[in-house]
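Here is a short briefing on one chain and its ligand. Points are grouped by topic.

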Amino acid sequence: MKLLIENWRKFLTEAEGDYFPWLQQLRDDSAKFIEDQQDKGGRVGSGSFRTVIVPEEDKDFVVKILRYGNNDSYMNKVEKLLGDEFPDVFPRVFAHDPDYRWIVMERVQPISTKNDEMLEEALIATMPKLHQFAYDLLSLEDGSPSSDTKPFNMLRYIVMAAAPRLRPTDLPYGDNTRVTDRVTKIQEFGLANEPWFTQLSKAMKRYGVQWVDLAEGNVGVDMKDHTLKIIDASVFSPQSGEKDWNDDINEEMLTEKC
Ligand SMILES: Nc1ncnc2c1ncn2[C@@H]1O[C@H](COP(=O)(O)OP(=O)(O)OP(=O)(O)O)[C@@H](O)[C@H]1O
Ligand SMILES: [Mg+2]
């Protein structure tokens, strides 16, 4: 990581092309750059909105580029802002297109349900006290594991607890008392004891990060310290959250419409 930051410092102070020739290619012709990288096998992921590649020359980064029109650019912009404001929770974004068609983001190891022990380790490394608290709360009466203590199910409780509010439709049909009671306990404990949880909660409120999508495919492990990172901020509207983070984008959209 130290090397990564040093490289970026050099990049900021000296001619970027000398240190990151691939970044210059990306700036000059992003479509060609992505095609070339895909031909070299650099594609690591693709979601509903963005294609993600690892530059062959710098495998510590990913480039996330919009698949469709610029209307989705707020998704890249919000990840840049979140990485700046909450760098323990979201990967840093080191460079971006002026219109946010693409961003260059720190690479992390995505976690899937197939390797969910990686998620358990990340939860322990990131929020040791909250992990223990949630484990005790969600395990069976005799202390043995339950389906709720499985890593992705525990993560679901944690992100629900970090959400500013839960709508009735967010909860399962029927009597939700047990779930809401557990979520409330995790929230109170998390806010009192775990800085990462508090940062996530603030990020969700300020920028409208949706808890529902903070799950498989959208979370990863920071390769430097094995902590949890949110790789897809899951903000689904340029108007969401309580902060005016998208004023300029809104103005651009209004101008386009006129
Ligand atoms: N920083 C990263 N490091 C490594 N892999 C990443 C990173 N960001 C994204 N990916 C990979 O690319 C995939 C797609 O990225 P992402 O989820 O951000 O795109 P999206 O279009 O917003 O997806 P969705 O369909 O979930 O809305 C991820 O599931 C993950 O496998
Ligand atoms: Mg995603």
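The shell around ligand 1 draws on two domains: domain 1 (2-107) and domain 2 (113-230) each give at least three residues. Domain bounds come from an automatic or database domain assignment. This is a predicted model: local features need pLDDT of at least 70, side-chain atom pairs count only at pLDDT 80 or more, and totals for chains, interfaces and linings use all residues. Residues are numbered from 1 along each chain as its sequence is written, while chains are lettered from A and ligands numbered from 1 in the order in which they are written.

**Ligand shell**

- Ligand 1 is surrounded by 20 residues, the closest being Gly45, Gly47, Ser48, Val52 and Asp232. A residue is near a molecule or strand if its C-beta atom, placed from the backbone, lies within 6 Å of it.
- Strand 1 (43-46), strand 2 (50-53) and strand 3 (61-66) are the elements that give two or more residues to this shell. Strand 1 supplies the largest share, three residues.
- Helices (H or I, at least four residues) and strands (E, at least two) are DSSP runs, numbered from the N terminus.
- By class, the shell has nine nonpolar, seven polar and four charged residues. Ala, Val, Leu, Ile, Met, Phe, Trp, Tyr, Cys and Pro count as nonpolar, Asp, Glu, Lys and Arg as charged, and the others, Gly among them, as polar.

**Overall build**

- The chain has eleven helices and eight strands.
- Of its 258 residues, 34% count as buried. A residue is buried if 20 or more other C-beta atoms lie within 10 Å of its own, exposed if 12 or fewer, and partly exposed in between; C-beta atoms are placed from the backbone.
- Among contacts in the chain with a separation of 6 or more, 59% join residues 24 or more positions apart. Two residues are in contact if their C-beta atoms, placed from the backbone, lie within 7 Å.

**Nonpolar cores**

- The largest nonpolar core has 42 residues; Val78, Tyr157, Ile158, Val159 and Ala162 touch the most other members. Such a core is a set of buried Ala, Val, Leu, Ile, Met, Phe, Trp, Tyr and Cys residues joined through C-beta atoms within 7 Å.
- Elements that give two or more residues to this core include helix 5 (73-85), helix 6 (116-126), helix 7 (128-138) and helix 8 (151-162). Helix 8 gives the largest share, eight residues.
- Isoleucine 158 touches Ala134 and Ile186, leaving aside residues up to four places away in sequence.
- A second, separate core has 19 residues, including Phe20, Val52, Trp102 and Met105.

**Helix 5**

- Ten of the 13 residues of helix 5 are buried, so the helix is largely enclosed by the rest of the structure. Among the buried residues are Tyr74, Met75, Val78 and Leu82, and also Lys77, Glu79 and Lys80.
- At 1.5 Å a residue, helix 5 should span 18 Å, and its end C-alpha atoms are 19 Å apart, which agrees. The expected span is 1.5 Å times one less than the number of residues.

**Positive phi**

- Most residues other than glycine have a negative phi.
- Tyrosine 100 has a positive phi of about 60°. Tyrosine 100 sits in the loop between strand 4 (93-96) and strand 5 (102-106), and is buried, with 21 other C-beta atoms within 10 Å.
- Serine 234 has a positive phi near 55°. Serine 234 belongs to the loop between strand 8 and helix 11, and counts as buried, with 21 C-beta neighbours inside 10 Å.

**Other sites**

- Serine 237 also lies in the loop between strand 8 and helix 11 (247-257). Serine 237 counts as exposed, with 11 C-beta neighbours inside 10 Å. Its C-alpha atom is 8.1 Å from that of glycine 208, 29 residues apart along the chain.
- Serine 146 is in the loop between helix 7 and helix 8, partly exposed with 14 C-beta neighbours inside 10 Å. Serine 146 touches Leu138, Ser139 and Leu140, not counting residues up to four places away in sequence.
- Glutamate 120 is in helix 6 and is partly exposed, with 19 other C-beta atoms within 10 Å. Glutamate 120 and threonine 149 are 9.6 Å apart, C-alpha to C-alpha, and 29 residues apart in sequence.
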